[in-house]
Every structure is written in structure tokens, then in C-alpha cells.
Amino acid sequence: MQHDAHAGHHHGHAHHDHAQHGHGAHGGSKVSWSMAAQATLHCLTGCAIGEVLGMVIGTALGWGNVPTMALAIVLAFLFGYSLTLRGVLKAGVDLRTAIRVALAADTLSIAVMELIDNGVIALWPGGMDAHLSDAMFWWVLALALAAAFVITTPVNKWMIGRGKGHAVVHRYHH
């Protein structure tokens with residue numbers, strides 16, 4: 001039961017436009033590492049859910065590594081976007097606008113997370129062949145997610161500082 005769908009679990013939830021809230025998230029204002037880490041963690045949560053679900057489904061269906069990984073990546077993006085959509089829709093935004101906000105906020109962050117996460121798993125000796133029941137599967141996945149978090153946080157900090165990524169989402173928060 002191969003699981004090689006360790007799709008990135010990172011939704012570029014690069015923080016929100018804190019400038020509206022007096023926090024100065026962009027427009028030349030300094031963005032904190034804490035803000036960037038929180039956005040990255042939000043993104044990582046959705047990605048991790050999607051990735052693990054994709055690996056479980058692919059494994060249960062007896063799929064090989066490539067289709068399982070593809071499913072996990074698709075689900076990582078889906079769950080990453082869904083978490084952002086939920087928050088934006090709560091603010092009373094119409095679905096079309098909410099979808100555009102989620103795509104703008106999360107696409108780069110999720111893509112970077114998926115690239116790093118899946119790259120670690122693919123390059124780790126035996127990582128692609130570990131099964132869900134193997135301890136190696138879980139610790140390589142944890143290492144891959146940690147690497148994705150560390151590498152994506154500066155990306156999100158940069159995006160938020162320029163009014164992009166999660167800065168877009170924050171405009172819809174109270």
C-alpha cells in the first residue's frame with residue numbers, strides 16, 4: 001500500500017491586511033514573523049488534512065505512488081482553499097468574491113508547501129515506499145511538513161508585507 005501522495009499541506013494563508021486594523025501588514029509596514037507563521041500554520045492545516053486523506057484514499061484503493069500523490073496534492077489545495085473560504089464567507093462576502101480571495105491568498109503558499117513537502121518525501125530514501133502502517137511513513141511526513149512550514153513562512157511574510165496572500169483575506173475579518 002504505497003502512499004506517495006504526500007501533497008503539500010500548506011495553504012498560503014499569508015496573513016491579512018492588518019493595515020486596516022492598525023497593525024500595518026503592508027504598505028511599507030513591518031510584518032512580524034509571528035503573523036507570517038500563523039498564516040503559514042493555517043495553510044499547513046488544510047494541506048495536511050488533504051494530503052493525509054489523499055494518501056489514505058489512494059492506499060485503500062490500491063493506487064500507485066503517482067496517482068496517490070496527485071490525489072493528495074489536489075485535496076491539499078482543496079482543503080487549504082476551503083479553510084480560507086469558510087472564513088471569508090462568514091464575513092458575508094458572495095461566493096464568487098470569496099473564491100477569488102482564497103485563490104489570491106493561498107495559491108503561492110500552498111504550491112510552495114506542496115513542492116517542499118512532496119520533494120522531501122520523494123527524495124527521502126524509502127519515503128515513497130513506506131506504508132501508512134510504517135512508522136517511517138509518519139516521521140518522514142512530519143519532517144516534510146516541518147520543512148514546508150519553515151521554508152513557506154518567509155514566503156508568506158514577504159507576501160503579507162506587500163499586501164498579498166493573507167493580507168487579502170484580512171480585509172474581510174472584523
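Phe77 and Tyr81 are both part of helix α2, which covers residues 65-90, and sit four residues apart, about one turn of the helix. An α-helix has 3.6 residues a turn, so residues three or four places apart point the same way. The model is a predicted one.

The rings of Phe77 and Tyr81 make a tilted aromatic pair, with 5.9 Å centre to centre and 50 degrees between the planes. Tyr81 has a relative accessible area of 16% and counts as buried, because the cut-off for buried is under 20%. The structure holds three aromatic pairs.

## Trp124 and Trp139

Another of these pairs joins Trp124 and Trp139: the ring centres are 5.4 Å apart and the planes stand at 85 degrees, so the pair is edge-to-face. The cut-off for that class is over 60 degrees.

Trp124 belongs to the loop between α3 (95-123) and α4 (135-161), while Trp139 belongs to helix α4, so the pair ties together parts that are 15 residues apart in sequence.

## Helix α1 and its end

Helix α1 runs over residues 33-60 and contains 28 residues. From its first C-alpha to its last it reaches 39 Å, close to the 40 Å expected at 1.5 Å a residue. After α1 comes Gly62, with a positive phi near 75 degrees.

## A lysine over a ring

Lys157 is placed over the face of Trp33, at 4.9 Å from the ring centre.

Methods. Residues are numbered from 1 along each chain as its sequence is written. This is a predicted model: local features need pLDDT of at least 70, side-chain atom pairs count only at pLDDT 80 or more; totals for chains, interfaces and linings use all residues. Side-chain values use heavy atoms; hydrogens and water are left out. Helices (H or I, at least four residues) and strands (E, at least two) are DSSP runs, numbered from the N terminus. The expected span of a helix is 1.5 Å times one less than its number of residues. Rings of Phe, Tyr and Trp (its six-membered ring) pair if their centres lie within 6.5 Å; planes under 30 degrees apart count as stacked, over 60 as edge-to-face and the rest as tilted. Buried means under 20% relative accessible area, exposed over 50%, partly exposed in between (1.4 Å probe, protein chains only). A charge sits over a ring if NZ of Lys or CZ of Arg is within 6 Å of the ring centre and within 35 degrees of the ring normal.
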